[in-house]
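Try each task before you read its solution.

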Amino acid sequence: MSFTYKGLTAHLNRHIITAEEVDSQLHRLVQQNPRIAVIQDRPTRLGDEVILDYAGFCGEEQFAGGTAEKQTLVLGSGMFIPGFEEQLVDKVPGEEVLVNVTFPEEYHSPDLAGKEAQFRCKIHEIRVKTHYELDDTFAKEFGQCDTLDELRKKLEDTLQAYSDERGEMDLQDRLLRQAAETLEFNPTEEELEAAVDAHMANMEAQMSRQGLNLEMYCSFLNTTVEQLRTDCRGEAAANLRAQATVDKIVQLENLKATPEEMGEALVLVCRQNNMTMEQLKPYVDAEFEKAIETNVLTGKVLRLIRDAATVTVGVDNEQK
């Protein structure tokens, strides 16, 4: 079989976002986003959220770590040391309050443990959290839309764009895998073991973000780490074959990653990680740049295969 990456065929099932899906997402957004109302006609109560400045003193000496501006605090939450929050009850915005407390004997800072202190506070604002109704007010304050119908349409467009993007990514991946099946490629045992190691490391990193580790995961599945490694060999081999396919097409088509494309990819990394380019600079070494180049070239290969393919499009649900 000769290596084939042009003229492939595939089918794309496009999912059309339904009114029920839009309504479900709207209700979820209402539940997840309480309305913050500013209170101006009464003093503070337990349960209120206050915005305040404070500065902590032991005698006349201001201590480190005891100062903040525009801090958010829910009165009665127990976030501050005992006695602090209760002394901010029945106060009004603009009022300056002297809060007298005694640090607990077991306080984490030995320099303050058991000592009496005074916090000079100023309350800026009182807020309460209430529930939105699914109406024009929610559309305006949360969605920056004039009406609920406008927000509904905006959300529908966003969900449809996301669904279409996911469908296109799946299509391109299937086309790449289809091309990979025609490539003569047999990884060495060392290459396969390295790919399995990378797969396991990625899996472990994903679990750690959820507070898990491989041993806990294996316990849930009633398996072992060794069995996991065995199970992922097939996927690791497929990933190696897919990358070899990308490399082969890059060579055959003489594809290059231009400085402009590299720059755009770095900007995207910054955006995805809420970083500035200056903050990213310490991480940009030769290995990082190679990974960015590979990502750019992979994107070019996927688009090339997609553009050269014959794709039929269907809808997996009825049109609205």
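The chain holds 10 helices and seven strands, where helices (H or I, at least four residues) and strands (E, at least two) are DSSP runs numbered from the N terminus. This is a predicted model: local features need pLDDT of at least 70, side-chain atom pairs count only at pLDDT 80 or more, and totals for chains, interfaces and linings use all residues. Residues are numbered from 1 along each chain as its sequence is written, and side-chain values use heavy atoms, with hydrogens and water left out.

**Exercise 1.** Compare the radius of gyration of the chain with that of a compact globule.

*Solution.* Start with the rule: the radius is taken over C-alpha atoms, and the globule value is 2.2 Å times the number of residues to the power 0.38. Next, look at the spans: the C-alpha trace covers about 85 × 50 × 50 Å along its principal axes.

**Exercise 2.** Find where His131 sits, and decide whether His131 is buried or exposed.

*Solution.* First, locate His131 in the loop between strand S6 (116–130) and H2. Then apply the cut-offs: buried means under 20% relative accessible area, exposed over 50%, partly exposed in between (1.4 Å probe, protein chains only). His131 has 71% relative accessibility, so His131 counts as exposed. Finally, check Val30: it's 101 residues from His131 in sequence, yet 7.5 Å away in space, C-alpha to C-alpha.
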